[in-house]
Amino acid sequence: MEPKWLLLLTMATLMEVGNAQESVKPLVKIVKGKKVCDKGWSQYCCNQTISDYFQTYQFEKLFAKRNTPVAHAVGFWDYHSFITAAAQYQPHGFGTTGGKLMSMKEVAGFLGHVGSKTSCGYGVVTGGPLAWGLCYNKEMSPSKVYCDDSYKFTYPCTPGVSYHGRGALPIYWNYNYGETGKALKVDLLNHPEYLENNATLAFQAAIWRWMTPVKKNQPSAHDVFVGNWKPTKNDTLAKRLPGFGTTMNVLYGDQVCGQGDVDSMNNIISHYLYYLDLMGVGREEAGPHDVLTCEEQKPFTVSPPSASSS
């Protein structure tokens with residue numbers, strides 16, 4: 001049985017979805033040179049919402065194999081959970097920034113990351129390796145509990161709890177569960193299993209990560225993708241450009257980027273291009289090679305040593 005707060009979270013978010021998907025066009029006014037809408041949003045409510053251009057049948061095409069008997073999270077992930085979570089971030093520009101083309105590309109980009117990180121499609125699997133996104137909602141055989149004691153004064157590990165990967169963009173380590181839980185007002189530090197018990201919360205955590213800088217003085221993946229971020233001279237020298245490639249740099253740093261033409265990077269790119277095709281956008285809209293990849297980019301972040309971790 002789900003905790004009461006999870007049920008309340010879902011009910012409250014459903015109400016937001018209903019408001020976010022109204023068919024009545026918002027009343028738009030210009031106040032001090034900026035668009036203001038009567039929905040109570042920022043200017044993004046003047047644009048289409050995600051459910052206007054990305055519907056159930058498209059979600060099913062993108063994640064065609066997620067409920068096959070051999071998948072590991074059968075019945076967990078669904079379109080409704082994604083749209084419910086997304087409704088909370090549409091007022092902040094998620095999938096609503098720019099015109100319809102940019103909005104569709106952002107959803108494909110975000111889901112490209114999700115699909116690649118939750119896939120169990122390898123080799124010559126049925127339907128092809130790119131059809132198996134959302135196969136997992138947690139790491140199946142964790143090798144350790146991912147407890148970093150250097151955060152014992154801020155995000156101390158709960159005895160007996162493992163902080164292995166869970167969610168749509170899998171979260172690892174106690175400090176990441178603690179930070180995400182604090183932002184979402186959910187006790188993920190003591191109960192990381194909430195992410196594998198509630199698909200809406202799992203998508204919500206992933207979209208929050210997409211919309212939020214990993215560190216101060218760094219951009220979010222969202223801002224990098226939609227062009228809100230303007231590279232500094234140092235960014236240009238580091239070959240970091242606005243676009244999909246740098247979203248990988250924001251989210252994964254040296255785990256994926258600055259290592260040349262590696263499989264871990266190409267797998268994420270392949271999912272993005274595949275999803276663009278399935279959504280009817282077309283991979284030709286993804287941009288040139290240097291925008292798509294991060295193979296030559298200097299990483300924003302360097303992975304911390306695990307000497308003090310278990």
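Start by selecting Tyr 146, which sits in the loop between H5 and H6; helices here are DSSP runs of H or I with at least four residues, strands are runs of E with at least two, and both are numbered from the N terminus. Tyr 146 is not a glycine, yet its phi is positive, at about 55 degrees. Its relative accessible area is 10%, so Tyr 146 is buried (buried means under 20% relative accessible area, exposed over 50%, and partly exposed in between, with a 1.4 Å probe and protein chains only). The model is a predicted one, in which local features need pLDDT of at least 70, side-chain atom pairs count only at pLDDT 80 or more, and totals for chains, interfaces and linings use all residues. Residues are numbered from 1 along each chain as its sequence is written, and side-chain values use heavy atoms, with hydrogens and water left out.

Stay in the loop between H5 and H6 and select Trp 173. Trp 173 is another non-glycine residue with a positive phi, about 80 degrees. Its relative accessibility of 14% makes it buried.

Next, show the side chains of Arg 166 and Glu 196. They meet in a salt bridge at 2.7 Å, N to O (a side-chain nitrogen of Lys or Arg within 4 Å of a carboxyl oxygen of Asp or Glu). Arg 166 belongs to the loop between helix H5 (100-117) and helix H6 (174-184), and Glu 196 to helix H7 (residues 194-197), so the pair ties together parts that are 30 residues apart in sequence. Both ends are buried: Arg 166 has a relative accessibility of 6%, and Glu 196 has 18%.

Two further pairs can be picked out. In the pair of Arg 66 and Glu 60, the closest N and O atoms are 3.0 Å apart. Arg 66 is buried, at 5% relative accessible area, whereas Glu 60 is partly exposed at 34%. Arg 240 and Asp 235 also form a salt bridge, with their closest N and O atoms 2.8 Å apart. Here Arg 240 is buried at 10% relative accessibility, and Asp 235 is buried at 6%. Over the whole structure, the search finds seven salt bridges.

Now select H5. This helix has 18 residues, and its first and last C-alpha atoms are 26 Å apart, close to the 26 Å expected at 1.5 Å a residue (the expected span is 1.5 Å times one less than the number of residues). Of the 18 residues of H5, 14 are buried, so the helix is largely enclosed by the rest of the structure. Leu 101 is in H5, and at 42% relative accessibility it counts as partly exposed. Its C-alpha atom is separated by 7.4 Å from that of Val 281, 180 residues apart along the chain. Leaving out residues up to four places away in sequence, Leu 101 touches Val 281 and Glu 285, where contact means heavy atoms within 4.5 Å.

Move to helix H12 (residues 263-278), whose 16 residues should span 22 Å at 1.5 Å a residue, in agreement with the 22 Å between its end C-alpha atoms. Its buried residues include Met 265, Ile 268, Ile 269 and Tyr 272. Among the elements that cover the buried residues of H12 are helix H3 (56-62), H5, helix H9 (221-226), helix H11 (244-252) and helix H13 (289-292). Just after H12, select Gly 280, where phi is positive at about 85 degrees.

At least three core residues come from each of domain 1 (41-134 + 213-301) and domain 2 (137-198), with bounds taken from an automatic or database domain assignment.

Finally, show the whole protein. There are 13 helices and two strands, and 52% of the 310 residues count as buried.
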